[in-house]
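Take a look at the sequence and the structure below. This report goes from the whole chain down to single side chains.

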Amino acid sequence: MAAGPIAERNQDATIYVGGLDEKVSETLLWELFLEAGPVVNVHMPKDRITTQHQGYGFVEFMGEEDADYSIKIMNMIKLFGKPIRVNKASAHQKSLDVGANLFIGNLDLARARGPRFTLSITIYI
């Protein structure tokens, strides 16, 4: 159910669907998300060895509004007894500054090279 190269897809109108049971197919996702709006494309990446999907997929809608609506109504519904996660798909991970400090104790600063070192932690959503 793929339609065209990834570069031509509308990333803003594409959602990520995770937590999928092995019984879920692209056809089933298409039919399910058609309830939220016109679907353009469904893609479920497959394992190269087993040829089974990897438990997640992407659904592209005609417009961003349909994608946003599908997130509101479909996130955490149960499909084959498992809750599915529905979020915006992103071409790249966005970093989030949570404004928190992390303390790490018992560091042997005598063994650290240079006058100071910095620990940077990024949380991806």
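Contacts come first. Among contacts in the chain with a separation of 6 or more, 63% are between residues 24 or more positions apart. Keep in mind that this is a predicted model.

## The whole chain

The chain has 125 residues, and buried residues make up 29% of them. Along the sequence they follow the pattern β-α-β-β-α-β-β-β-β-β.

## The sheet and its helices

Which strands form the open sheet, and in what order? It has 4 strands, in the order S2-S3-S1-S6, with antiparallel pairing. S2 and S6 stand at the edges with a single partner strand each, so one side of each has no neighbour in the sheet. On average, neighbouring strands of this sheet are turned by 20° against each other, direction ignored.

Look at one pair. S2 and S3 are joined in the antiparallel sense over 4 bridges. Val39 has Phe61 in S3 as its bridge partner.

H1 lies across S1, S2, S3 and S6, and runs at about 145° to S2. H2 lies across S1, S3 and S6, and runs at about 150° to S6.

## The nonpolar core

In soluble globular proteins, nonpolar side chains tend to be buried together. Which residues touch the most other members of the largest nonpolar core here? They are Ile15, Val17 and Phe33, in a core of 19 residues. S1 (14-18), H1, S2, S3 and H2 each supply at least two residues of this core.

## Salt bridges

How many salt bridges does a search of the whole structure find? The answer is 4.

| Pair | N to O distance |
|---|---|
| Asp21 and Lys23 | 3.6 Å |
| Lys46 and Glu26 | 4.0 Å |
| Glu64 and Lys88 | 3.5 Å |

Start with Asp21 and Lys23, which form a salt bridge. Is Asp21 buried or exposed? Asp21 counts as buried, because its relative accessibility is 12% and the cut-off for buried is under 20%. Lys23 is exposed, with a relative accessible area of 52%.

Next come Lys46 and Glu26, whose side chains meet in a salt bridge. Lys46 lies in the loop between strand S2 (39-43) and strand S3 (56-61), and Glu26 lies in helix H1 (residues 26-33), so the pair ties together parts that are 20 residues apart in sequence. Lys46 is partly exposed, with a relative accessible area of 43%. Glu26 is buried, at 18% relative accessibility.

Glu64 counts as partly exposed at 36% relative accessibility. Lys88 also counts as partly exposed, at 32%. There is a network here as well: salt bridges link Glu64, Asp68 and Lys88.

## Two residues with positive phi

Thr51 has a positive phi of about 60°, although it is not a glycine. Where does Thr51 lie? Thr51 is in the loop between S2 and S3. Its relative accessible area is 53%, so Thr51 is exposed.

Met76 is another residue other than glycine with a positive phi, near 70°. Met76 is placed in the loop between H2 and strand S4 (78-79). Met76 counts as partly exposed, because its relative accessibility is 48% and exposed means over 50%.

Note on methods: Residues are numbered from 1 along each chain as its sequence is written. This is a predicted model: local features need pLDDT of at least 70, side-chain atom pairs count only at pLDDT 80 or more; totals for chains, interfaces and linings use all residues. Side-chain values use heavy atoms; hydrogens and water are left out. Buried means under 20% relative accessible area, exposed over 50%, partly exposed in between (1.4 Å probe, protein chains only). A nonpolar core is a set of buried Ala, Val, Leu, Ile, Met, Phe, Trp, Tyr and Cys residues joined through side-chain atoms within 4.5 Å. Two strands pair if DSSP finds at least two bridges between them. Axes are lines fitted to C-alpha atoms, for helices over the stretch in contact, and angles run from 0 to 180 degrees between N-to-C directions. Contact means heavy atoms within 4.5 Å.
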